[in-house]
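My notes are below, in the order I looked things up.

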Amino acid sequence: MVGSASVQLADQADSVSKKAISKHQTQMGIIWRQLRRNRAAMIGATILLIEILLAVAAPVIVPFDPYQQNPRAALQAPSVEHWFGTDDTGRDLFSRVIYGARISLRVGLISVMIGGCIGITLGILAGYRGGFVDNLIMRTMDLLLAFPGILLALAIIAVLGPGLFNVMIAVGVASIPVYTRVARGSTLALKDREFVLSARSIGAGDARIAMRHILPNVLPPLIVLATLGIAGAILTAAGLSFIGLGAVPPTPEWGAILTLGRKYIYQAWWYTTFPGLAIMITVLGINMLGDALQDALDPRLRR
Amino acid sequence: MRYALTRLVLAVPIMFGVSLFTFLMLHFVPGDPVAAMFIGQGAAVSEEQMDKVRDELGLNDPLPVQYLNFLKNAVRGDLGNSIRTNEPVSEMIMRNLPATMQLTLASMAFALVLGISLGMLAAIKRGTVFDTAAMFIALLGVSMPSFWLGLLLISVFSIQLGWFPIIGGSGWRGLILPAFALGFAASAIIARMVRASLLDVLRDNYIVTARAKGLTERRVIFRHALRNAAIPVLTIVGLQFGGLLAGAVIIESVFTRQGLGRMLVTALQSRDFPVAQGGVLFVAIVYVFVNLIVDLFYGVIDPRISVD
């Protein structure tokens, strides 16, 4: 998904950056107005905001300790006391799912930061320097892209070993090529523009030009990618935890809860329903916001 | 023909790169890779045993020699033996391949049928409830974790209704639910692509001409628009195929199906390095081939495409 978006975004990058240069100040205003008018964007943003609040306030609002076992209350159906029911050791699933939001949002953000920072740096470097550096970086990216879907993440886990932290690295590194491609494309379109040339003519160094002049202008399409990337990272990380390569029980990570719950799929529907629903709603919210951002940044779709 | 040859030649360095990458996997393992393989084995492992494995893996040779040997063996189909079972990795792959291919192809077929139908519906009825509904389904598709969808399907169709086996057995009945769970996300992406490219094409002059000639709307869509809208969709299909192949890793675990995915996951969990390495290499090479075929294919259907 991110892959297909990147192709489109690379095309848009040029036209977007043109606008960004001429009226950078109003650009944000235009995008914000576009977003405000988009119902899906507002729904997505609301979902996300509520979730971030829940995650931050989790220790205060959860009714039970998410790790506290209570064998006498095992596998209870949802009730007034236990909104999402209890698991096989009597832990309150509502508390666990809320705590799961802390983990998943963090995993999504950190993975994207790893992939985005490395990817964007490499992309600007490749586009700005050109020649051998460009070739080396882009051929490496082609190579990484030869590994489909989560296979690259799996290969990295094979090297680093299972665990939640390694999953973040794996998912982050696996997403590098997408950012690199888009950042490179935008940089290529920018580097011979007048404002870059004039910066150079007054003696600005390469690092300064890259940071102060190129980076701000390549960012808009990359922000869309990163937003959608958070959704993808949350999905992948939950999947890896589900197959036992990420977070380990008793960590209340959504994928890890699902692994435990599948054993009780006959007698306790709530055990697998709520954590899965939490993943879906989170990812849905982020995707709605990301899609809307993408539309808002595309001048062709402006109304 | 020149296009085909160029594409083929371009795939060669990628193949080399992929093999180099998988070869180096072992050498990136922090610390002693052989010791890492035995972590979690339970029983204490003697130094001699580790030396034997080191020797088998050729870890005592210089790096370039190791890579050449790895490549030479891989080309002959020798990917080493499993550390756990001592079974040759290539045999394990061949044993698990049919089930995974079946699953991947079935979910691709499903994704195509659902994705193209939804995308066409949305494009033709643009701006109506149908469009909104189809695109909402597509949004659900990309937001729903495949493994959770799998669990839901098992709980509704296998446990409540008893229509399908709970544990993915052989035969088509065991294939339907996993194929659905795996293919749903791909169908969503295909639906979006079909909608976008159909809407793009429908604005073209030759469509206006076709309509002006008095052709029925059905003929305009099926004979004129769809054919040209198919080109970008085909690219996505190639990319999605790889996604499905890799996605099988998780879905096979959900439905406890035999296959490459389960083989890989088990290998990763027990740090059975030769199996993990061989599995990753194999899937990546298949993916490179599939994309090569897709590229060649649209060189055929779209004569404008050529390699510069």
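What follows is my run through the model, starting with the ground rules.

**Ground rules.** I'm working from a predicted model, where local features need pLDDT of at least 70, side-chain atom pairs count only at pLDDT 80 or more, and totals for chains, interfaces and linings use all residues. Residues are numbered from 1 along each chain as its sequence is written, chains are lettered from A and ligands numbered from 1 in the order in which they are written, and side-chain values use heavy atoms, with hydrogens and water left out.

**Fold of chain A.** I counted twelve helices and zero strands in chain A; helices here are DSSP runs of H or I with at least four residues, strands are E runs of at least two, and both are numbered from the N terminus. Of the 303 residues in chain A, 56% are buried, meaning under 20% relative accessible area with a 1.4 Å probe and protein chains only as cover (exposed is over 50%, partly exposed in between). I also checked contacts, meaning heavy atoms within 4.5 Å. Among those in chain A between residues at least 6 apart in sequence, 72% join residues at least 24 apart.

**Helix H7.** I looked at residues 164–174 of chain A, where the buried residues include Leu164(A), Val167(A), Met168(A) and Val171(A). The cover over the buried residues of H7(A) includes H4, H6, H8 and H10 of chain A.

**Interface.** How much area do chain A and chain B bury between them? I get about 3,800 Å², with 81% of it on carbon and sulfur atoms; buried area is the accessible area (1.4 Å probe) that two parts lose on being put together, summed over both. On the chain A side, Val159(A), Ile243(A) and Met280(A) lose the most area to chain B, together 15% of what that side buries. In residues, 44 of chain A touch 44 of chain B.

The rule finds one salt bridge across this interface, a salt bridge being a side-chain nitrogen of Lys or Arg within 4 Å of a carboxyl oxygen of Asp or Glu. I found Asp291(A) paired with Arg192(B) in a salt bridge, 2.7 Å from N to O. H12(A) gives the most to the side of chain A that touches chain B, with eleven residues.

Is Ile61(A) buried or partly exposed? Ile61(A) lies in helix H3 (residues 39–61) of chain A and is partly exposed, because its relative accessible area is 40%.
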